[in-house]
Amino acid sequence: MDAATGTEEWRYTYANAFKDSFGFDNGPRACPTVAQGKVIIHGAEGTVQALDLTTGKRLWGFDTVKELNSPQGFFGRACAPLVTEGKVIMEAGGSNSKGAAGLIALSIDDGRILWQCLKDEASYAAPILKHGGGATFPAIIAWMRNDLVVVNALDGGVKFQQRLRSEADASVNAATPIWCGEDKLFLTACYDVGASLWQWKPEGKFTRLWKKEDVLDSHYSTPVYYDGYLYGFHGRQEFGQSIRCVRAQDGKVMWESGRVAGGTLLRVHDTLLVLTEAGELWLVDASPTKFNRHGQEQILRGGHRSHGAFSNGVFFARDDRQVVAVDLRPRED
């Protein structure tokens, strides 16, 4: 769609027979990834496809169920594709005649599988890259269903593997790991996993600095880090959540909002753009001093978990029927 007018530029659709096991909507789950003139999409049924960014034409596809026996899991496949080193990195959670394929790399040019590794199931958290200095190889960090892992993006070599999951079978790792500066990684989940901060080592390993429960236990929404503090949704969605500010160095809770059904958030400068499941957009100060919501507007219908996006002063969001663009640029009096 044209960002300024909402005019449709192209549309791509395909048939699939995925049905959510719990009766929720049938997807898709994963955010698309745009790279090298392509849009990489991952359907809940397990198909990875590359589309031309300009025309929407399908360039290639890879069926993780057919090729790797990728299991459906609780809610279908949800991993957002990660593009690096000419590869599309995916959590497939499967295997084939060549061995385990928990994590795979596809060629961004034609969708060929370039390497596969890890005997583990896929999670709902997306893999990320090691950014900044202090890495001796192009590192991928993935929080799988069972383990936190570090993998070499060039060949799929596993450099680090640490079990990190709930003891309960009915549980998920859904919030994506986030960097706190260049050398510390924050992880969070519900189901008695809790929050933890990890120290990166140049050889590709992590040591845990602290672990606490009931500090910032994120059910599905990924927190954000800003200037030494973490901001995110705390608690199980079905029991009610709150937004918290937590000091990254030791996990101290600085403030907590009132109860909210749930939602997602992103940061623009010193403001948090919070999109609630009720369809409200909140503007909240990204400050450890206190919870201060200085803006609130109903922009969508309720009952969704889709992430918003921000570009050129405009906030974009969607529910199951519409896409909206909200102008947040300062007004000229």
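Biologist: In this predicted model, is F75 buried, exposed or partly exposed?

Modeller: F75 is partly exposed, with a relative accessible area of 26%. F22 also counts as partly exposed, at 48% relative accessibility.

Biologist: Okay, and which parts of the chain does the F22 and F75 pair tie together?

Modeller: F22 lies in the segment before strand 1 (33–35), while F75 is in the loop between helix 1 (64–68) and strand 5 (82–84), so the pair ties together parts that are 53 residues apart in sequence.

Biologist: What about Y231 and W255: what are their distance and angle?

Modeller: Their ring centres are 6.1 Å apart and the planes sit at 45 degrees, so this pair is tilted. Distant parts of the chain get linked here: Y231 belongs to strand 18 (residues 229–234) and W255 to strand 20 (residues 253–256), 24 residues apart. Both Y231 and W255 are buried.

Biologist: Which residues do ring pairs link into a cluster?

Modeller: That cluster is made of F22, F24, F74, F75 and Y124.

Biologist: And which charged ends sit over a ring?

Modeller: The charged end of K130 sits over the ring of W179, 4.8 Å from the ring's centre. For K212, the charged end sits over the ring of W210, 5.9 Å from that ring's centre.

Methods: Residues are numbered from 1 along each chain as its sequence is written. This is a predicted model: local features need pLDDT of at least 70, side-chain atom pairs count only at pLDDT 80 or more; totals for chains, interfaces and linings use all residues. Side-chain values use heavy atoms; hydrogens and water are left out. Helices (H or I, at least four residues) and strands (E, at least two) are DSSP runs, numbered from the N terminus. Buried means under 20% relative accessible area, exposed over 50%, partly exposed in between (1.4 Å probe, protein chains only). Rings of Phe, Tyr and Trp (its six-membered ring) pair if their centres lie within 6.5 Å; planes under 30 degrees apart count as stacked, over 60 as edge-to-face and the rest as tilted. A charge sits over a ring if NZ of Lys or CZ of Arg is within 6 Å of the ring centre and within 35 degrees of the ring normal.
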